[in-house]
Amino acid sequence: MPEGVKKRVYILDNLGCANCAAKMERQIRELPGVKMAVITFATKQLVVAADNQDELLPEFQRICSSIESEVTVTPREEDAPVHKKESPFEENKKAIIAVTAGALLFAAGEVLERTMPDSIGRIIIFVAAYAILGLGIVWTAVKNLLKGHIFDENFLMSTATLAAFAIGDFAEAVGVMLFYRVGEIFEDIAVSRSRSQIMEAVDLRPETVNLVREDGVVSIPAKDAKAGDIILIRPGDRVPLDGRIIEGTSQLDTSPVTGEPVPVKVFPGKEIYSGCVNDTGVLKLEVRKPLGESMVTRILDSVENAAASKPKIDRFITRFARIYTPVVVAAAILTAVVPSMVTGEWNYWIYTAITFLVISCPCALVLSVPLAFFSGIGAGSRKGILFKGGVAIEALKDIKAVVMDKTGTVTKGNFAVQKIVPLNRLTEKQILTIAADCELSSTHPIGISIVTEARERNLGLVRPKQAEEISGKGIRAIFPEGTVLCGSTELMEMYHVDTGRYQKDTYGTEVLIAVDGELSGYLVIADEIKEEAAGAVRRMKSQNLVTAMLTGDAKESALSVAGQTGIDEVHARLLPQDKLQKLKEIRGKHGAVMFVGDGINDAPVLAGADVGAAMGSGADAAIEAADVVFMTSSVDAIPEAVDIARRTGKIAMQNVVFALVIKFLTMLLGFMGYANMWMAVFADTGVAMLCVLNSVRVLYMKKHV
């Protein structure tokens, strides 16, 4: 996206042709002053980066209506819904009525052809049927031809069916046009339903919220709620905005955002995301972020922006379609003329040529790839995985190694008491109580973790009569029962405490406790490993991925985490620039690399990886630099994202191969005299519809364990 240039989103109503959308995008991009223009057929959106967009809007409309006459271009309002609730059948009501009437006349003409083959009535009926079914297509083809647009589907279908009329195949001409219109309707419905399924899954923005005021609860537009407001969330309501619970407990269904089916218990003080569903209790939520910054809007924006970022295969197919259609049309002309001049069988070879014309329509090809990637983006968003474009999915499907930061990625990023070791007559509970008493006033993360553990165990804590903090070593505290030292081995040595019975742990930070000069025990404090980390690493290995960890922490700590999770390679005590160098070494050894991190110091290595992924709980700089964002901050999201990317890539390739094979096979059969125009129509609209249905399979893929 060009910096300093205003971006605006437009809705292209009545856009019905993927190949036409590609032509519109190309022409709009060539306008003076336009820095970037992308049309996403799956969302019917045009995204333009340009100055003076109000002046350019008439030009956008002129270009779009010159290619597809019914298309209207309107700027999208910020809070407007991104999909219409109108039924696909309602959208195609006129077409369905026309096709039904045409089908009845076609059936009547077929009856007359068999009972009274020489009757003029059958010709009149076929002409009437063709007028109902094909007049609009022929008229559009003429208008487009006058504007210099040839090789579009209207021109190709009109030429093919009128040529059939010219050689006396009235039933064939009408039947093919009927079959084409039916296929077109089914294709439109399939595209509309898939678009609706994806956008309804990701557009979780609320229209209103229940604002709590002194005089009661009032409903206000969600966009008017601001940080600090208190809102009421009843059982069954979707959480409308990001915030912190200040009253009430409940079970929260997070599956709309994270894809996880297990409900999460929430209580006062808990931060929760918008988009989740409140299952049981009544909650009062303090709004932390307005609608424009909440999770539901971030997910929607990510999907819309991602859909506009086209992978290489999509750009290749669009370029290929521009060459493919003229080549096939040229082949059709040669097929009609050359063999006919040799054999004299003009009817046979013209009929073969017009099957080529029908097959030459590139819509199935142009539609086959972007919809697959759009479905992959939608599938990811339903699981809290935000892909920043088809390019990210395309790169992710080919990675060979996953490199992870430790803190905040494999671990939770917060200290907790892992172990309590008594060394004399005191119990674990007494050691923890003494340490927590000493640390009551501490603001250090280690001290806070000790106090938190004691309070979670409901231990009674007492402040010391006197406490002295010895910088970098620990605390010396005086209690009625005696003097306590709480800190490092250096603190013990400073006061000549014998530490011979203490054995250093391999992982974490130790806090030693001495009472009246005698070592009584110690606590091991460490960053907690995420519960799902080991399972996620196993799943990555099942995907034939090498796993590695880069961290600035001590080697002992890093090796311990790797040992507990099963990570293959460990590189510790690294500076940010060292991480980038190690990443390059891993890439050289194994191939394309994905890096997952969450810190601001991870931004360079995220940008330098083949695919950079950031935990949603991480720094904004890391999220900005990443190609993929895991909103759940779960390690499980890594293999899940790889799975979605690989399946999306396979489906896109299946669509391309299927469309091309069917088209070329139909052309070959037609040339040999075994295919007719009916088969050619299936090779166009039928294949397009099957590609659409194949694409949405990504949305319903099951999670692999």
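# Packing and pairing in a predicted chain

Biologist: Of the contacts between residues at least 6 apart in sequence, what share joins residues at least 24 apart?
Modeller: This is a predicted model. Take the contacts in the chain between residues at least 6 apart in sequence. Those that join residues at least 24 apart make up 67%.

Biologist: What share of the chain counts as buried?
Modeller: The chain has 24 helices and 26 strands. Buried means under 20% relative accessible area. Of its 705 residues, the share that counts as buried is 54%.

Biologist: How are α1 and α2 oriented to each other, roughly parallel or roughly antiparallel?
Modeller: Helix α1 covers residues 18–29 and helix α2 residues 53–67. They pack at about 150 degrees, with axes 9 Å apart. Angles over 145 degrees count as roughly antiparallel. The two helices are therefore roughly antiparallel.

Biologist: Is the crossing of α1 and α2 left-handed or right-handed, and which residues of α2 make the contact?
Modeller: The crossing is right-handed. From α1, the contact uses C20, K23, M24, Q27 and I28. By class, the contact has seven nonpolar, one polar and one charged residues. The α2 side is made by F60, I63, C64 and I67.

Biologist: Which strands stand at the edges of the open sheet of four strands?
Modeller: The order is β2-β3-β1-β4, with antiparallel pairing. An edge strand here has a single partner, so one side of it is left without a neighbour in the sheet. That applies to β2 (34–40) and β4 (72–75).

Biologist: By how much are neighbouring strands of this sheet turned against each other on average?
Modeller: Direction is ignored in this value. The average turn is 25 degrees.

Biologist: Which residue of β3 is the bridge partner of A37?
Modeller: β2 pairs with β3 (residues 45–50) over six bridges. The sense is antiparallel. The partner of A37 is V48.

Biologist: Which strands does α2 touch as it packs on the sheet?
Modeller: α1 lies across β2 and β3, at about 170 degrees to β2. The direction of α2 makes about 30 degrees with that of β1 (7–13).

Biologist: What separates the C-alpha atoms of R322 and N19?
Modeller: R322 is found in helix α10, residues 312–343. R322 is partly exposed, with a relative accessible area of 48%. Along the chain, R322 and N19 are 303 residues apart. Their C-alpha atoms are separated by 9.1 Å.

Biologist: How many charged residues are in the contact of α10 with α11?
Modeller: α10 and helix α11 (residues 346–359) pack at about 175 degrees, with axes 8 Å apart. They are therefore roughly antiparallel. The contact includes Y324, V328 and V329 of α10 and W346, W349 and I350 of α11. By class it has 16 nonpolar residues, four polar ones and, as for charged residues, none.

Biologist: Which residues form the covered face of β9?
Modeller: In a regular strand the side chains alternate between the two faces of the sheet. In β9 (residues 250–253), Q251 and D253 lie on the uncovered face. The covered face has S250 and L252.

Biologist: Which residue of β25 stands opposite F595?
Modeller: Four bridges join β24 (residues 593–597) to β25 (residues 611–615). These two strands run parallel. Opposite F595 stands G612.

Terms used:
Residues are numbered from 1 along each chain as its sequence is written. This is a predicted model: local features need pLDDT of at least 70, side-chain atom pairs count only at pLDDT 80 or more; totals for chains, interfaces and linings use all residues. Side-chain values use heavy atoms; hydrogens and water are left out. Axes are lines fitted to C-alpha atoms, for helices over the stretch in contact, and angles run from 0 to 180 degrees between N-to-C directions. Angles under 35 degrees count as roughly parallel, over 145 as roughly antiparallel, 65 to 115 as roughly perpendicular and the rest as oblique. A crossing is left-handed if the near helix is turned anticlockwise from the far one by less than a right angle, and right-handed if clockwise. Contact means heavy atoms within 4.5 Å. Ala, Val, Leu, Ile, Met, Phe, Trp, Tyr, Cys and Pro count as nonpolar, Asp, Glu, Lys and Arg as charged, and the others, Gly among them, as polar. Two strands pair if DSSP finds at least two bridges between them. Buried means under 20% relative accessible area, exposed over 50%, partly exposed in between (1.4 Å probe, protein chains only).
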